Amino acid sequence: MAVMTVEPLDPFQKTLGYSFRKPDLLREALTHKSYLNEMRASQWKSDATEKDRSAQDNERLEFLGDAVLDLAVSDRLVFLHPLSSEGDLSKMKARIVSEVTLARVARRLDLGKFLLLGRGEERTRGREKPSLLADALEAVIAAVYLDGGFETARAVLLNIFEEEIHRLDPHQDDIDYKTELQECCQREFEVLPAYSVLRESGPDHEKLFEVQLTIKEELRGIGRGRSKKEAEQQAAKQALDTLIKKT
(Lines give C-alpha, C1' and ligand atoms only; values in the text may rest on other atoms or scores of the structure.)
Protein backbone atom coordinates (compact mmCIF):
# COMPACT_ATOMS: atom_id res chain seq x y z
CA MET A 1 0.00 0.00 0.00
CA ALA A 2 1.22 3.52 -0.72
CA VAL A 3 2.63 5.73 1.97
CA MET A 4 -0.24 7.39 3.81
CA THR A 5 1.59 9.95 5.94
CA VAL A 6 0.34 13.43 5.08
CA GLU A 7 2.19 16.41 6.53
CA PRO A 8 0.12 19.47 7.57
CA LEU A 9 0.64 22.17 4.96
CA ASP A 10 0.57 25.26 7.20
CA PRO A 11 4.36 25.21 7.86
CA PHE A 12 5.09 25.00 4.13
CA GLN A 13 2.69 27.84 3.34
CA LYS A 14 4.40 29.96 5.97
CA THR A 15 7.83 29.27 4.47
CA LEU A 16 6.49 29.89 0.97
CA GLY A 17 4.98 33.19 2.07
CA TYR A 18 1.51 32.46 0.74
CA SER A 19 -1.68 31.04 2.27
CA PHE A 20 -3.94 29.21 -0.16
CA ARG A 21 -7.63 29.95 -0.37
CA LYS A 22 -7.95 26.53 -2.04
CA PRO A 23 -5.56 24.20 -0.18
CA ASP A 24 -6.46 21.35 -2.55
CA LEU A 25 -4.43 23.12 -5.24
CA LEU A 26 -1.33 22.98 -3.08
CA ARG A 27 -1.96 19.35 -2.21
CA GLU A 28 -2.21 18.52 -5.91
CA ALA A 29 1.05 20.36 -6.56
CA LEU A 30 2.76 18.19 -3.97
CA THR A 31 1.30 14.89 -5.20
CA HIS A 32 3.67 12.73 -7.23
CA LYS A 33 2.20 10.26 -9.70
CA SER A 34 3.73 7.33 -7.78
CA TYR A 35 1.48 8.14 -4.82
CA LEU A 36 -1.75 8.09 -6.82
CA ASN A 37 -0.70 5.04 -8.83
CA GLU A 38 -0.18 3.04 -5.66
CA MET A 39 -3.34 4.35 -4.06
CA ARG A 40 -5.44 3.37 -7.04
CA ALA A 41 -3.87 -0.07 -7.19
CA SER A 42 -4.49 -0.79 -3.51
CA GLN A 43 -7.50 -1.88 -1.52
CA TRP A 44 -7.71 1.69 -0.23
CA LYS A 45 -9.39 2.56 -3.50
CA SER A 46 -12.58 0.79 -2.50
CA ASP A 47 -12.80 2.88 0.68
CA ALA A 48 -11.94 6.16 -1.03
CA THR A 49 -14.31 9.05 -1.39
CA GLU A 50 -15.23 10.47 -4.77
CA LYS A 51 -12.88 13.35 -4.06
CA ASP A 52 -10.03 10.90 -3.45
CA ARG A 53 -10.73 9.06 -6.69
CA SER A 54 -10.69 12.28 -8.70
CA ALA A 55 -7.37 13.45 -7.24
CA GLN A 56 -4.66 14.34 -9.76
CA ASP A 57 -0.88 14.27 -9.66
CA ASN A 58 1.20 17.38 -10.19
CA GLU A 59 2.26 16.90 -13.82
CA ARG A 60 -0.33 19.26 -15.33
CA LEU A 61 0.52 21.94 -12.77
CA GLU A 62 4.20 21.42 -13.49
CA PHE A 63 3.54 22.21 -17.16
CA LEU A 64 1.74 25.43 -16.26
CA GLY A 65 4.26 26.43 -13.61
CA ASP A 66 7.08 26.21 -16.12
CA ALA A 67 5.37 28.91 -18.22
CA VAL A 68 4.63 31.15 -15.21
CA LEU A 69 8.23 30.84 -14.03
CA ASP A 70 9.57 31.63 -17.51
CA LEU A 71 7.51 34.81 -17.85
CA ALA A 72 8.14 36.11 -14.33
CA VAL A 73 11.89 35.52 -14.46
CA SER A 74 12.21 36.99 -17.96
CA ASP A 75 10.33 40.11 -16.90
CA ARG A 76 12.52 40.56 -13.81
CA LEU A 77 15.78 40.07 -15.70
CA VAL A 78 14.82 42.62 -18.35
CA PHE A 79 14.12 45.11 -15.55
CA LEU A 80 17.34 44.40 -13.62
CA HIS A 81 19.64 44.30 -16.66
CA PRO A 82 18.38 46.95 -19.12
CA LEU A 83 21.69 47.00 -21.03
CA SER A 84 22.10 43.24 -21.39
CA SER A 85 21.74 41.58 -24.76
CA GLU A 86 19.12 38.98 -25.60
CA GLY A 87 21.85 36.35 -25.49
CA ASP A 88 23.00 37.33 -21.98
CA LEU A 89 19.40 37.47 -20.74
CA SER A 90 18.75 34.01 -22.16
CA LYS A 91 21.82 32.60 -20.42
CA MET A 92 20.81 34.14 -17.10
CA LYS A 93 17.26 32.85 -17.39
CA ALA A 94 18.54 29.36 -18.23
CA ARG A 95 20.56 29.33 -15.02
CA ILE A 96 17.54 30.39 -12.94
CA VAL A 97 15.08 27.90 -14.43
CA SER A 98 17.57 25.01 -14.48
CA GLU A 99 16.82 21.86 -12.54
CA VAL A 100 19.82 22.49 -10.30
CA THR A 101 18.56 25.93 -9.24
CA LEU A 102 14.94 24.83 -8.86
CA ALA A 103 15.99 21.91 -6.66
CA ARG A 104 18.14 24.22 -4.52
CA VAL A 105 15.24 26.60 -3.93
CA ALA A 106 12.92 23.66 -3.19
CA ARG A 107 15.35 22.39 -0.56
CA ARG A 108 15.51 25.82 1.02
CA LEU A 109 11.71 25.66 1.36
CA ASP A 110 11.98 22.11 2.75
CA LEU A 111 9.53 21.13 0.00
CA GLY A 112 10.60 17.48 -0.05
CA LYS A 113 9.17 16.94 3.42
CA PHE A 114 5.67 17.70 2.14
CA LEU A 115 5.67 15.59 -1.03
CA LEU A 116 3.18 12.73 -1.34
CA LEU A 117 5.17 9.80 -2.71
CA GLY A 118 4.63 6.12 -3.32
CA ARG A 119 6.67 3.46 -1.54
CA GLY A 120 9.09 3.05 -4.42
CA GLU A 121 10.05 6.69 -4.45
CA GLU A 122 10.32 6.70 -0.66
CA ARG A 123 12.77 3.80 -0.79
CA THR A 124 14.95 5.55 -3.37
CA ARG A 125 15.07 8.84 -1.42
CA GLY A 126 12.61 10.56 -3.72
CA ARG A 127 12.28 13.51 -1.35
CA GLU A 128 15.87 14.42 -2.16
CA LYS A 129 15.82 13.86 -5.93
CA PRO A 130 16.55 17.06 -7.89
CA SER A 131 14.10 16.15 -10.65
CA LEU A 132 11.18 15.55 -8.26
CA LEU A 133 11.93 18.68 -6.25
CA ALA A 134 12.25 20.87 -9.36
CA ASP A 135 9.02 19.52 -10.88
CA ALA A 136 7.11 19.95 -7.63
CA LEU A 137 8.33 23.53 -7.21
CA GLU A 138 7.06 24.38 -10.70
CA ALA A 139 3.74 22.80 -9.76
CA VAL A 140 3.57 24.88 -6.57
CA ILE A 141 4.19 28.04 -8.61
CA ALA A 142 1.27 27.08 -10.86
CA ALA A 143 -0.91 26.41 -7.83
CA VAL A 144 -0.20 29.91 -6.49
CA TYR A 145 -1.01 31.34 -9.93
CA LEU A 146 -4.37 29.52 -10.11
CA ASP A 147 -5.22 30.44 -6.53
CA GLY A 148 -4.16 34.09 -6.50
CA GLY A 149 -3.42 35.25 -10.04
CA PHE A 150 -0.25 36.10 -11.90
CA GLU A 151 0.84 39.14 -9.87
CA THR A 152 0.58 37.13 -6.67
CA ALA A 153 2.50 34.23 -8.18
CA ARG A 154 5.10 36.64 -9.50
CA ALA A 155 5.60 38.20 -6.06
CA VAL A 156 5.93 34.80 -4.36
CA LEU A 157 8.25 33.52 -7.05
CA LEU A 158 10.57 36.55 -7.00
CA ASN A 159 10.75 36.35 -3.23
CA ILE A 160 11.85 32.72 -3.10
CA PHE A 161 14.25 33.14 -6.04
CA GLU A 162 15.62 36.50 -4.88
CA GLU A 163 19.02 35.14 -3.87
CA GLU A 164 19.52 33.31 -7.17
CA ILE A 165 18.38 36.25 -9.32
CA HIS A 166 20.48 38.92 -7.63
CA ARG A 167 23.72 36.95 -7.64
CA LEU A 168 23.59 36.47 -11.42
CA ASP A 169 26.45 37.86 -13.48
CA PRO A 170 25.22 38.97 -16.93
CA HIS A 171 28.71 38.41 -18.34
CA GLN A 172 29.12 34.90 -16.98
CA ASP A 173 28.92 32.48 -19.88
CA ASP A 174 28.63 29.26 -17.96
CA ILE A 175 27.17 27.81 -14.81
CA ASP A 176 29.77 27.07 -12.13
CA TYR A 177 29.43 23.31 -12.52
CA LYS A 178 32.24 22.58 -10.08
CA THR A 179 30.42 24.39 -7.26
CA GLU A 180 27.09 22.77 -8.18
CA LEU A 181 28.71 19.32 -8.22
CA GLN A 182 30.46 19.92 -4.93
CA GLU A 183 27.15 20.80 -3.26
CA CYS A 184 25.52 17.74 -4.81
CA CYS A 185 28.31 15.40 -3.69
CA GLN A 186 28.32 16.70 -0.13
CA ARG A 187 24.57 16.26 0.04
CA GLU A 188 24.26 12.89 -1.69
CA PHE A 189 27.55 11.14 -0.92
CA GLU A 190 29.12 13.16 1.93
CA VAL A 191 32.38 13.35 -0.02
CA LEU A 192 33.98 15.81 -2.44
CA PRO A 193 34.68 15.04 -6.11
CA ALA A 194 38.32 14.40 -7.04
CA TYR A 195 39.97 15.78 -10.19
CA SER A 196 43.18 14.54 -11.80
CA VAL A 197 44.96 15.45 -15.04
CA LEU A 198 45.05 12.54 -17.46
CA ARG A 199 47.24 14.21 -20.07
CA GLU A 200 48.49 17.47 -21.49
CA SER A 201 49.08 17.96 -25.20
CA GLY A 202 50.07 20.71 -27.63
CA PRO A 203 52.65 23.50 -27.45
CA ASP A 204 52.93 25.66 -24.36
CA HIS A 205 50.91 28.51 -25.85
CA GLU A 206 48.09 26.15 -26.95
CA LYS A 207 47.96 23.51 -24.24
CA LEU A 208 45.05 21.11 -24.17
CA PHE A 209 44.23 19.50 -20.83
CA GLU A 210 42.24 16.32 -20.26
CA VAL A 211 40.92 15.84 -16.72
CA GLN A 212 39.06 12.96 -15.13
CA LEU A 213 36.63 13.31 -12.24
CA THR A 214 35.89 10.59 -9.71
CA ILE A 215 33.42 10.32 -6.85
CA LYS A 216 34.24 7.65 -4.30
CA GLU A 217 36.88 6.37 -6.74
CA GLU A 218 34.25 5.86 -9.47
CA LEU A 219 34.84 7.63 -12.77
CA ARG A 220 32.04 10.16 -13.31
CA GLY A 221 33.32 12.52 -15.98
CA ILE A 222 36.11 13.46 -18.38
CA GLY A 223 36.62 17.03 -19.53
CA ARG A 224 38.89 18.77 -22.00
CA GLY A 225 39.88 22.41 -22.18
CA ARG A 226 42.57 25.02 -22.81
CA SER A 227 43.15 25.23 -19.06
CA LYS A 228 42.81 22.85 -16.13
CA LYS A 229 39.92 24.97 -14.85
CA GLU A 230 38.03 24.71 -18.13
CA ALA A 231 38.63 20.94 -18.32
CA GLU A 232 37.45 20.49 -14.72
CA GLN A 233 34.29 22.49 -15.45
CA GLN A 234 33.51 20.24 -18.41
CA ALA A 235 34.09 17.10 -16.34
CA ALA A 236 31.86 18.47 -13.58
CA LYS A 237 29.11 19.26 -16.09
CA GLN A 238 29.25 15.69 -17.43
CA ALA A 239 29.07 14.28 -13.91
CA LEU A 240 26.13 16.53 -12.98
CA ASP A 241 24.21 15.57 -16.11
CA THR A 242 24.68 11.89 -15.26
CA LEU A 243 23.69 12.28 -11.62
CA ILE A 244 20.54 14.29 -12.48
CA LYS A 245 19.43 11.70 -15.06
CA LYS A 246 19.79 8.94 -12.47
CA THR A 247 17.51 10.83 -10.11
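This is a short tour of a predicted model, stop by stop.

**Before you start**

Residues are numbered from 1 along each chain as its sequence is written. Because the model is predicted, local features need pLDDT of at least 70 and side-chain atom pairs count only at pLDDT 80 or more, while totals for chains, interfaces and linings use all residues; side-chain values use heavy atoms, with hydrogens and water left out.

**Stop 1: the largest nonpolar core**

Select Leu16, Leu111, Leu137 and Phe161. Of the 46 residues in the largest nonpolar core, these four touch the most other members. A nonpolar core here is a set of buried Ala, Val, Leu, Ile, Met, Phe, Trp, Tyr and Cys residues joined through side-chain atoms within 4.5 Å. Buried means under 20% relative accessible area, exposed over 50%, and partly exposed in between (1.4 Å probe, protein chains only).

Now colour the elements that give two or more residues to this core: α1 (10–16), α2 (23–29), α6 (59–80), α7 (86–96), α8 (99–108), α10 (130–148) and α11 (150–160). Helices (H or I, at least four residues) and strands (E, at least two) are DSSP runs, numbered from the N terminus. The biggest giver is α10, with 11 residues.

Zoom in on leucine 137. Beyond its neighbours within four places in sequence, leucine 137 contacts Leu102, Val105, Ala106, Leu109, Leu111, Ile160 and Phe161. Contact means heavy atoms within 4.5 Å. Another core, of 11 residues, lies apart from the largest one; among its members are Leu181, Cys184, Cys185 and Ala235.

**Stop 2: helix α8**

Which residues of α8 are buried? Select Thr101, Leu102, Ala103, Arg104, Val105 and Ala106 to see them. Their cover includes α6, α7, α10, α11, α12 (162–166) and α13 (177–188). Then step past the helix to aspartate 110. Its phi is positive, near 60°.

**Stop 3: aspartate 147**

Stay with α10 and pick aspartate 147. Is aspartate 147 buried or exposed? It counts as buried because its relative accessibility is 3%. Its side chain makes a polar contact with the side chain of tyrosine 18, at 2.5 Å. (A polar contact is a pair of N or O atoms within 3.5 Å; within protein, one must be able to donate a hydrogen and the other to accept it, and residues adjacent in sequence count only if both atoms are side-chain atoms.) Show Tyr18, Ser19, Phe20, Arg21, Lys22 and Leu25 too: aspartate 147 touches them, not counting residues up to four places away in sequence.

**Stop 4: serine 74**

Go to serine 74 in helix α6. Serine 74 counts as partly exposed, at 24% relative accessibility.

**Stop 5**

Show the strands. They form an open sheet of 3 strands in the order β1-β2-β3, with antiparallel pairing. Two strands pair if DSSP finds at least two bridges between them. β1 (194–201) and β3 stand at the edges with a single partner strand each, so one side of each has no neighbour in the sheet.

β1 and β2 pair over 7 bridges. Select valine 197 and its bridge partner in β2, valine 211. Next, 7 bridges join β2 (residues 208–215) to β3 (residues 218–225). Isoleucine 215 has glutamate 218 as its bridge partner in β3. β2 and β3 form a hairpin with 2 residues between them. In that turn, lysine 216 has a positive phi of about 55°.

**Last stop: glutamine 233**

Finish in helix α14 (residues 228–246), at glutamine 233. Glutamine 233 counts as buried, at 15% relative accessibility. Its side chain reaches the backbone nitrogen of lysine 178 at 3.5 Å.
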